[in-house]
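The following note is intended for a colleague who has the coordinates open.

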Amino acid sequence: MRRILHIAREEALRRAFHRLPGVGYVSMDLYAADVMVRADVGWLPFDSGTFDLVYCSHVLEHIPDDRAAMQELWRVLRPGGITIILTPLWDKPTFEDASITDPVERERLFGQFDHVRWYGFDIVDRLTDSGFAVQTMRAGDMADAKAIVRFGLDETDVLFVCTKSHR
């Protein structure tokens with residue numbers, strides 16, 4: 001049986017994952033009550049190599065130690081598995097400053113009060129440093145307009161498709 005870990009689950013995707021035959025589905029979030037596992041992405045309570053697919057959308061920009069989270073995503077993925085990551089991006093290098101804790105200042109600088117960084121495309125380097133082989137794709141190249149709306153995407157959203165390479 002294939003296994004999927006869905007972090008910070010979206011309802012439309014939860015329903016889609018549940019319709020897949022022969023798939024064991026696990027939803028996870030640190031704060032949401034309506035998930036199967038409550039845990040921090042920086043310390044995942046799963047054995048190494050547990051999942052065939054990990055879907056992590058709009059999570060890493062909230063995590064102070066994103067590199068630890070990326071390493072955990074790599075760890076729980078089976079060899080040959082895929083982790084899909086979406087995060088807000090801008091056209092500059094990643095900007096973060098751990099000393100910024102004021103929610104108003106975070107919103108001004110990072111676009112949302114609970115974000116701790118703006119990622120640039122150099123996120124690929126962080127993901128690669130964690131062990132992943134990374135490809136980028138745009139949502140509009142993968143799905144039609146109806147699916148993009150149903151799953152709450154934008155056609156210009158960039159998906160980081162990360163496969164587990166061997167260290």
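Predicted model: local features only at pLDDT ≥ 70, side-chain atom pairs only at ≥ 80, totals over all residues.

1. Helices (H or I, at least four residues) and strands (E, at least two) are DSSP runs numbered from the N terminus.

2. Residues are numbered from 1 along each chain as its sequence is written, and side-chain values use heavy atoms, with hydrogens and water left out. The mean pLDDT (the predictor's confidence in each residue, from 0 to 100) is 93 for the chain, and 99% of the residues score at least 70.

3. Ile7 has contacts (heavy atoms within 4.5 Å) with Met28, Val41, Val54, Tyr55, Cys56, Ser57, Val59 and Leu73, leaving aside neighbours within four places in sequence.

4. In S2, six of the seven residues are buried, that is, under 20% relative accessible area, where exposed means over 50% and partly exposed in between (1.4 Å probe, protein chains only). S2 pairs with S1 in the parallel sense over six bridges; two strands count as paired if DSSP finds at least two bridges between them. Gly24 in S2 is the bridge partner of Arg3. The chain passes from S1 through helix H1 (residues 11-19) to S2 in a right-handed β-α-β crossover; with the strands pointing away from the viewer, the path from the first strand over the helix to the second runs clockwise. S2 also runs parallel to strand S3 (residues 37-38), joined by two bridges, with Met28 opposite Val37.

5. Strand S9 (residues 158-164) is largely enclosed by the rest of the structure, because six of its seven residues are buried. Strand S8 (residues 132-138) is antiparallel to S9 and joined to it by seven bridges; Ala133 stands opposite Thr163. Strand S5 (residues 77-86) also pairs with S9 in the antiparallel sense, over four bridges, and Ile84 has Val161 as its bridge partner.

6. Arg117 lies in strand S7 (residues 117-118) and counts as buried at 2% relative accessibility. What does its side chain meet at 2.8 Å in a polar contact? The partner is the side chain of Glu96. A polar contact is a pair of N or O atoms within 3.5 Å; within protein, one must be able to donate a hydrogen and the other to accept it, and residues adjacent in sequence count only if both atoms are side-chain atoms. A polar side-chain atom of Arg117 also lies 3.0 Å from the backbone oxygen of Pro64.

7. Most residues other than glycine have a negative phi. Ala8, in the loop between S1 and H1, has a positive phi near 55°. His58, in the loop between S4 and H2, likewise has a positive phi, of about 55°. Ala8 is partly exposed at 22% relative accessibility, and His58 is partly exposed at 36%.
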